[in-house]
Amino acid sequence: MSFLVDSVIMFTSQVLFFGFGWLFFMRQLFKDYEVRQYVVQVVFSVTFAFSCTMFELIIFEILGALSSNSRYFHWKLNLYVILLVLIFVVPFYIGYFVVSNIRLLQRQKLLFACMVWFTFMYFFWKLGDPFPILSPKHGILSIEQLISRVGVIGVTLMALLSGFGAVNCPYTYMSYFLRNVTDSDILALERRLLQTMDMIISKKKRIAMTRRQMYQRGEDQNKQTGFWGMIKSVTSTQTGSENLSLIQQEVDALEELSRQLFLETVDLQATKERIEYSKTFQGKYFNFLGYFFSIYCVWKIFMATINIVFDRVGKTDPVTRGIEITVNYLGIQFDVKFWSQHISFILVGIIIVTSIRGLLITLTKLLRNPSDRHTNRPTNGLL
Amino acid sequence: MASLDRVKVLVLGDSGVGKSSLVHLLCQNQVLGNPSWTVGCSVDVRAQDYKEGTPEEKTYYIELWDVGGSVGCASSIKSTRAVFYNSVNGIILVHDLTNKKSSQNLYRWSLEALNKDSSPTGVIVSNGDYDREQFAENPVPLLLIGTKFDQIPDNKRNEVLTRTAFLSEDFNAEEINLDCTNPRYLAAGTSNAVKLSRFFDKVIEKRYFTRDPSQMTGFTDRKRFNFKSLHYD
């Protein structure tokens, strides 16, 4: 009976996560584009739903909710599904879409997609060689092999992400790094930008006029036949085209300049907005958080370096130490072990979430960038 | 050629719809070989014969300002882009026929460009929502161009064309559907070429030949130059 209730709870939460992932995909990632292949959206939402369910199960494990039998069952189910999706479905579809983008291989799409997938599996397998995964208790094709490899990749990614977050977070939020930008700076830059555009326009007008005159003269000259006409045409067009190429070079240089000016202006505007934002209450709050987290991250880096250098196994992390100190010196009574685990868990979670958010924002900026014909939206969605 | 003779037409639309290819096709009569993302704004010039075939024929050089970016981007980019929207004489709205969202975003694009132009008698916007009346009496001529026409499968063509017809009604503008990689669509004598010519002629007319002082007091610099430029005609 309780198993049924638990299953219902799990199932509803999974459906909720699925819906959330679907919405996120539609609203945030694919805001300005139509989704042509719904497979991508489904796969994304499924992966998101199952990852969230795993997270939920861990929380239930810590909190002790739901009966342990159903938890075990759901855990195994979840694990199998996620592994299936992660290792089989996603790489296959990525390979399929990449291959379908390359025009040469249109005929044998499936075949090449399978080839790509096998290459992926080969490298995936090779990944596990330096690690002592193979144990005599479990066979070679067991689930432990897959999980351990996924775990290796996952931990590396997490480390990279938290490193990225540790540096990105203070830079984004702290006002220490903001230069002082005044309105007159921005106006001056904008004026320069418009002047550059005007210069480009006047040069292009000259090119267009010269070309038009050459074209009209060229028509007249086609009527002139004979030796003399040919010599005249050679000399006049030569100076004309030399002139043109000179002006064209100037135009190219000016266009590059205009691009740089535009980017600088955007930068200044963004800085100005950040300064305004930092003056608001929310801005001040984030500034304070930025200081706090940067100190925490620096402390963690410091401790990690010391542990590696002195070959010492870190016994307790700073949060636990901090709580111990408060308990000892301030005499506040609360259960050290229980709270320390939760607080450090929450802190690490926050850092990871903010770093993932920062990474996703950078990724969406990168992926929104290339708008030439060969961008493949489904590939981006799958990635 | 007086430096005060400026006819400025904006080319607006979402990222990747083909504005740069279109501008290149319109100005150089050639297909753009290597399209790449436009940073900021790229300008090109088109020689337009006003009143072609009549004794009053005159060549004007129309500046096509191709402004890059998307509607939903950071406000710092938007405020920088606003610099380009000053004293505009015409707007070409470009959308991708294979992507419905790009046509929907055109409303926001037109609001963004026309809002910047608004001065005391400019267009009044009700909290960013689209309002059809403001386009009916809009002083700035609009042209709607749909790109990637060749990429629509034949069975969907009718549906797409009806959709764009509604769009052009909303904007009170002409519409052209073409493929920027094929100059055949704008060859002389096609209805597309005629519509294009008509649009540019309308822009030039509004720029130089309407001197109604009650209209568009926002473009104060144009009023001053209008009288001067008459002497050069």
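What does Arg198(B) count as, and at what relative accessibility?

Modeller: Arg198(B) counts as partly exposed, at 48% relative accessibility; buried means under 20% relative accessible area, exposed over 50%, and partly exposed in between, with a 1.4 Å probe and protein chains only. This is a predicted model, in which local features need pLDDT of at least 70, side-chain atom pairs count only at pLDDT 80 or more, and totals for chains, interfaces and linings use all residues, while side-chain values use heavy atoms, with hydrogens and water left out. Residues are numbered from 1 along each chain as its sequence is written, and chains are lettered from A and ligands numbered from 1 in the order in which they are written.

The partner of Arg198(B) is Glu174(B): the two form a salt bridge whose closest N and O atoms are 2.9 Å apart. The term requires a side-chain nitrogen of Lys or Arg within 4 Å of a carboxyl oxygen of Asp or Glu. This bridge links distant parts of the chain, 24 residues apart, with Glu174(B) in strand β6 (residues 174-177) and Arg198(B) in helix α6 (residues 191-208) of chain B. Helices (H or I, at least four residues) and strands (E, at least two) are DSSP runs, numbered from the N terminus. Glu174(B), with a relative accessible area of 33%, is partly exposed.

Over all chains, the structure holds ten salt bridges. Another of them joins Asp44(B) to Lys204(A), with 3.8 Å between the closest N and O atoms. That pair crosses between chains, from strand β2 (residues 41-50) of chain B, which holds Asp44(B), to helix α6 (residues 183-223) of chain A, which holds Lys204(A). Asp44(B) and Lys204(A) are both buried.

Lys205(A) also takes part in a salt bridge, its side chain meeting that of Glu63(B) at 3.4 Å, N to O. Because Glu63(B) belongs to strand β3 (residues 58-67) of chain B and Lys205(A) to helix α6 of chain A, the pair joins two chains. Glu63(B) counts as buried at 0% relative accessibility, and Lys205(A) is buried with a relative accessible area of 12%. Glu63(B) and Lys205(A) belong to a network of salt bridges that also links Asp198(A) and Arg6(B).

Gln269(A), in helix α7 (residues 227-279) of chain A, is buried, with a relative accessible area of 8%. Leaving aside residues up to four places away in sequence, Gln269(A) touches Ile186(A), Glu190(A), Ser76(B), Ser79(B) and Thr80(B), where contact means heavy atoms within 4.5 Å.

Chain A as a whole has eleven helices and zero strands. Of its 383 residues, 30% are buried. Among contacts in chain A between residues at least 6 apart in sequence, 70% join residues at least 24 apart. Chain A exposes about 25800 Å², of which carbon and sulfur atoms supply 68%; accessible areas come from the Shrake-Rupley method with a 1.4 Å probe, and for residues only the protein chains shown count as cover.

An unreviewed UniProt entry places the feature "transmembrane region" at several spans of chain A, including residues 79-98 and 110-127; positions follow the numbering used here, feature names are shortened, and annotations may be inferred rather than shown by experiment. Residues 79-98 of chain A are 100% helix and 0% strand, with end C-alpha atoms 28 Å apart. Residues 110-127 of chain A are 100% helix and 0% strand, with end C-alpha atoms 26 Å apart.
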